[in-house]
Amino acid sequence: MKEIFFKKEELLNLEFSLNREILRANMSNAYACTTLAGCNTRKYHGLLIAPQPQIDSDNHVILSSLDETVKINEEYFHLALHRYKGEHYYPKGHKYLDSYYLKNLPITTYAIGGIVLTKEMQVQQRRDRLLIKYTLQQSPVNITLQLQPFLAFRQVHKLSYRNDNADTSYKEIENGVSFQLYKEYTPLFIQFSKHFTYEHRPDWYYDFEYIKEKERGYDYLEDLLVPGTFSIEMKPGETVYLSCGIEEGANPLLLSRDFKREASNRFDITTMEDVLKRAARMFFCRQGIETNVVAGFPWFGRWGRDTFISLPGLCLGVEDMSLLLSVTDTMLKDYRDGLFPNIGRGVNAAYNSADTPLWFFWCLQQYVKITGDDAKIWKKYSKIMKSIIKTFEQGTINVRMESNYLLWQGESGKALTWMDAIIDGNPVTQRKGYAVEINALWYNAVMFTRSLAEKYCDDAFLRQWDDFANAFPSTFKEMFWSKERGYLADYCDGIHKDFSVRPNMIFVASLEYSPLSEKIRQLIIEKVKSELLTPRGLNTLSPKDEKYIGYYYGNQAQRDRAYHNGTVWPWLLGAFCEAYLKMYGKEGLHFVEKIYKGFEDILTDYCVGSIAEVYDGNPPFKAGGSISQAWSVAALIRIKYLLDNYTDMQR
C-alpha cells in the first residue's frame, strides 16, 4: 500500500482537500473531525466533540476549531481556513499548508518562507482530551504562535447562534484557562506545557457556512464565540504541547509525557490491514461498565442491527473477540420480549427492526466459528436464543411465524428490514410480508440453535423444532424461488411476489444454514454478480430496473429515495464474498482477493483511513453518507479473514 501522504498541490486545491475528511475517536466516543484543509464543512466537524451525559445521550461540539497565527516581528501569517456565508473564505491559511502525512500520528506541515512549523494531534483514548504538539522545525528567528479557540458548546445535530445567555468569562487554571458558555455543560480546559499570555476579548463570529449541510438541505449557518487569544513564544527547534479537554489536566508541565505515552499506543500505518485496524478501534465506545459500537461517524450513535453485523469483523480487527461478548451483554440490557432495539436505549429505545434479533444469532455463530468456543455461547445465551425463537413463533406486534413456518413482518408506516428509509412518514421500500433475507436469517437462527441444542443434549428443543427443520426448505423454495427467472423474489406480501433484483437474496447463499440446494445458491450468486456487483459493494437495485437511481446526492428526501434503490453498500460484500468462496473454493480466491484489494486505492478519497457508508450506484462510485461506517470496515476485515483462513486451510 502506498503511504498516506498529501502534498502541497493537493492541499491547496480546495475541491480536493475540502472533500477529504480526517477523523480520530477515542474509547468514550469523543472525537475530532475536520477536513484536510482544516476548514469545517459539516456541523459535525470540530476539534473536540464529546459526550455530555448530564445533558443527553448525544455528542456535543465543544471546540469547533483552534486558529493558529504565526507572528514574526509585526507580521501576521494566519494558518486557518473558514468558509463564511456567500462562499467567502477567510483567512486563506491553506496556502501555507505544505504536507499532511499519516504514519503513526497525523502530521500537518506549514511552510512560511524559511519557517517550517509542524502540528501533530491525537485524542486521548481514556480521557476526553485533545492533545496537540507544535514544533518549530525551522526558522531564522524566534516566532510568536497565537491561538484563537472557536467555541460552540452545542449538540452535534444542532447549530450555535449568537445569544445573550452565553457566559463569555473565563477562569484561570494551572497553566491555562477554562471556558463554560452554558452552566449545563462541563467546562473546556485549555492548558499549555510552557508559559503563555492570554488576552481576553470575547467576540462572536457570524455565518460560518457548512457546505455539506447545505447540500443535504439542512440549516447550514452558524455563529461561534472566540473568547480571546493565546500567545506563546517559540524558538527554532522548540516544541510546545497543549491540551483541550472537558476535565482539567493534573500537571500541564508534563504534557510532553502524556503526548508521548499516548503516541506509544498507536501503531504505524504501512498496510491496508493497518488502516482497517486503526479504523475498527474507533467504533468501540466504553462508558462505565458498558461497551457499545458506534454505527458510523460523524452522526450515528448505536444501532442494534449494525452492532451485530459489525461485531465479528471489528473484533477481528482489534484482535479481541471478548469484546463481542461485552458488547452483546450491553445490548442485552435493552432486550425486551424477544426484540433488540434498532436505535436508542432505555426509555428511548425503538423496537422497529424485525431482523436485529436474527443478526444476534449470526453474530454468536461467527464467534463460535472464529474461537471454537460454542460451550460459552450455549451457557451464556441459550435462554435468550430460545426466548427469541419462541417469541417469533408466537408473534409480536410486527413479526410472527406463520403456519408455513415462514416469518411475516410489517407495520404500517414503518420499514422493519435493513432497507428502512422513510420520507414524510412513508417507507421507500417497505417490503411488508415475507422478506427473503429475514427468512434466510430465521432458518439460520433456528438451525444454529438446534446444532448447539443437539451437542448439549437439549432434546426438548430439538423435538419441538423437528417439523420446522424438515418442512422449511420446501416452503421457502415454494415462496421465493422462480425457476423461470433463475433467482429469488425479494419479498411476498401474500398476494404479489416482488422480483426486483436486489442484494437481499445473497444471504441465502452466504449463511451457514441455507434452505436451498447448491445449484440454486450458485444461480443466486451469479445473478447478484452479473447485475449488482460493483467495485465498492452491491447495488441495492439492479441498474436494469426502471426504479433504479444511480446517484446518491441532493437533499435528504432525494438521498433517501436513492438509499436502497441503486446506491451501493460495501457491507453487503461480506455476504457476497463468503457465498462466493463457499461455492467456488480455491477457484474463487483470486476473484475475492481482487474485490478486497480494490479498496486499497480509495482509503484516502473520502475519510482518510476508513470506508464510507455508501457509494453511488454508477461509476465512478463516489462515496457518500457517513464518512466512516462500522459495518463497511467490518466487512472488509472479515473478507480478509476469510481469504487468510481459506488459504491456511489449503496448506
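User: Where do you find P298 in this predicted model?

Analyst: P298 sits in the loop between β22 (296-297) and α6 (304-318).

User: What kind of peptide bond runs from F297 to P298?

Analyst: That one is cis, with omega near 10 degrees.

User: Which residue is joined to P91 by a cis peptide bond?

Analyst: Y90 is, and omega for that bond is about -15 degrees. As for P91, look in the loop between β8 (88-89) and β9 (97-102).

User: On to D337. Why is D337 called exposed?

Analyst: Exposed means over 50% relative accessible area. D337 comes in at 67% relative accessibility, so D337 counts as exposed. You'll spot D337 in the loop between α7 (322-332) and α8 (356-371).

User: How do you know whether D207 is buried, partly exposed or exposed?

Analyst: Check the cut-offs: buried is under 20%, exposed is over 50%, and partly exposed is in between. D207 has 28% relative accessibility, so D207 counts as partly exposed.

User: Where is D207, and what is its phi?

Analyst: D207 belongs to strand β17, residues 197-209. Phi of D207 is near 60 degrees, again a positive value in a residue other than glycine.

Methods:
Residues numbered from 1 in each chain as written. Predicted model: local features only at pLDDT ≥ 70, side-chain atom pairs only at ≥ 80, totals over all residues. Heavy atoms only, no water. Helix = DSSP H or I, 4+ residues; strand = E, 2+ residues; numbered from the N terminus. Buried < 20%, exposed > 50% of the residue type's maximum accessible area, 1.4 Å probe, protein only.
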